[in-house]
Amino acid sequence: MPHRFLLLSAGMGAGHDAVAHELAHRLRARGHHTAVRDILTLLPAGTGRALRTGYRATVRHLPGLYGAVYAGFLATGPGTGPATGPRPSSAPLAALAERPLLRTVARWRPDVVVPTFHLCAQVTGRLRARGALSVPAAVVVVDFDVHRGWLHAGNDLHLCVTDGAAHQVRAATGRRARTTGPVVPTDFFATADPDSHWRALLARHAAASSERGAGPAGRPAVLLSTGAWGVGTRLLETARHLTEHGCLPVLLCGNDEGLRRRAARHLGLLPLGWVTDLPELMAVSDVLLDNAAGQTAAQALAAGLPVVGHRPLPGHAVAGVRAMARAGLSRHAHGAGEPARTVRALAAPGPARSRQIAAARAAFRTDAAAELERLAASARDHRD
């Protein structure tokens with residue numbers, strides 16, 4: 001019998017939406033009904049837009065301020081649970097979305113509500129804790145390090161990307177947490193197409209820049225991730241460093257056309273706007289240089305593209321990059337000679353590259369959609 005799933009996301013970048021829509025796609029393929037809603041649209045008029053605009057401006061122009069906000073509101077303590085002591089929380093903001101969410105639930109009549117963004121998890125957790133939400137809530141945690149926003153004991157289940165993240169959830173909430181691995185479209189698991197247009201483009205760019213003195217033609221292609229908004233610290237400086245050490249940096253500028261234009265003036269660097277066929281590009285590249293441990297890094301794990309964390313953005317990105325490295329899924333490159341030293345070590349065929357690719361592929365344990373399906377079936381059995 002088909003079930004109904006209400007997936008809650010937030011338009012804060014593209015990663016949370018990508019996970020929500022991929023889960024919706026998988027659930028529909030299993031014969032179920034799905035709806036995806038943006039939690040920002042459930043907040044009072046203008047509030048969601050202001051949050052998104054403020055967050056984007058802060059991470060782009062005042063990253064240190066965002067780091068301070070993260071430390072005050074979201075960061076966990078030195079152990080596995082939330083930091084102790086009185087601290088501000090997102091409760092007032094979550095409260096604003098409660099009644100609109102309950103109205104959405106009444107209209108849609110889901111069997112399970114599925115938050116894929118931490119504010120959504122706070123809303124459903126609060127509602128479940130006091131019995132206002134009658135159906136289970138299963139939180140899909142997309143971060144490699146679980147901050148306080150994801151943690152509310154009212155939620156019924158957390159699906160996590162690593163065992164370490166699941167342990168953090170259980171220690172903090174005492175509730176069920178399972179390791180499924182990242183939620184990534186199956187296209188990222190495909191092997192490289194020998195006739196890929198990306199392979200030809202990379203080769204042409206390497207040859208042209210080599211003629212202009214920017215290194216040998218056969219350089220390893222290094223993708224530099226900046227997320228949907230083109231955010232990063234000293235990106236062009238990092239690109240020059242890679243070029244000087246015999247690499248071909250490919251800067252993923254997201255939707256930031258200004259960054260792409262500025263990067264186009266740098267010899268040896270290939271800047272790209274929003275890439276619609278990222279699986280194909282990853283399949284013919286050699287390494288991903290990542291600063292956020294977000295969805296692009298998760299997609300690289302599926303693609304068999306070694307991930308190197310470098311100059312992570314303040315806040316949850318720093319925690320995520322470190323957590324990925326602790327889990328053996330990536331390297332965190334910092335210090336003299338980096339990131340070129342680590343990049344070149346993983347770009348070359350050999351045991352180091354093979355080990356990291358194998359560890360990355362092993363991170364994909366089970367299908368999160370199947371876990372959601374089981375939860376829905378169990379809830380329906382209880383109601384019957």
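You're looking at a predicted model, where local features need pLDDT of at least 70, side-chain atom pairs count only at pLDDT 80 or more, and totals for chains, interfaces and linings use all residues. Residues are numbered from 1 along each chain as its sequence is written, and side-chain values use heavy atoms, leaving out hydrogens and water.

Leu62 sits in the loop between helix 2 (47–61) and helix 3 (63–73); helices here are DSSP runs of H or I, at least four residues, and strands are E runs of at least two, numbered from the N terminus.

Now pick helix 1, residues 15–29. Its buried residues include Val19, Leu23 and Leu27. Color their partners next: the buried residues of helix 1 pack against strand 1 (4–9), strand 2 (33–38), strand 3 (112–115), strand 4 (138–140), helix 11 and helix 15 (368–383).

Next stop, the largest nonpolar core, with 36 residues. Such a core is a set of buried Ala, Val, Leu, Ile, Met, Phe, Trp, Tyr and Cys residues joined through side-chain atoms within 4.5 Å. Phe144, Leu223 and Met282 are among those with the most contacts inside it. Helix 11 gives the most to this core, 6 residues.

Which residues does Met282 touch, beyond neighbours within four places in sequence? Select Phe188, Leu223, Thr296, Gln299, Ala300, Ala303 and Leu305; contact means heavy atoms within 4.5 Å.

How values were computed. Buried means under 20% relative accessible area, exposed over 50%, partly exposed in between (1.4 Å probe, protein chains only). The expected span of a helix is 1.5 Å times one less than its number of residues.
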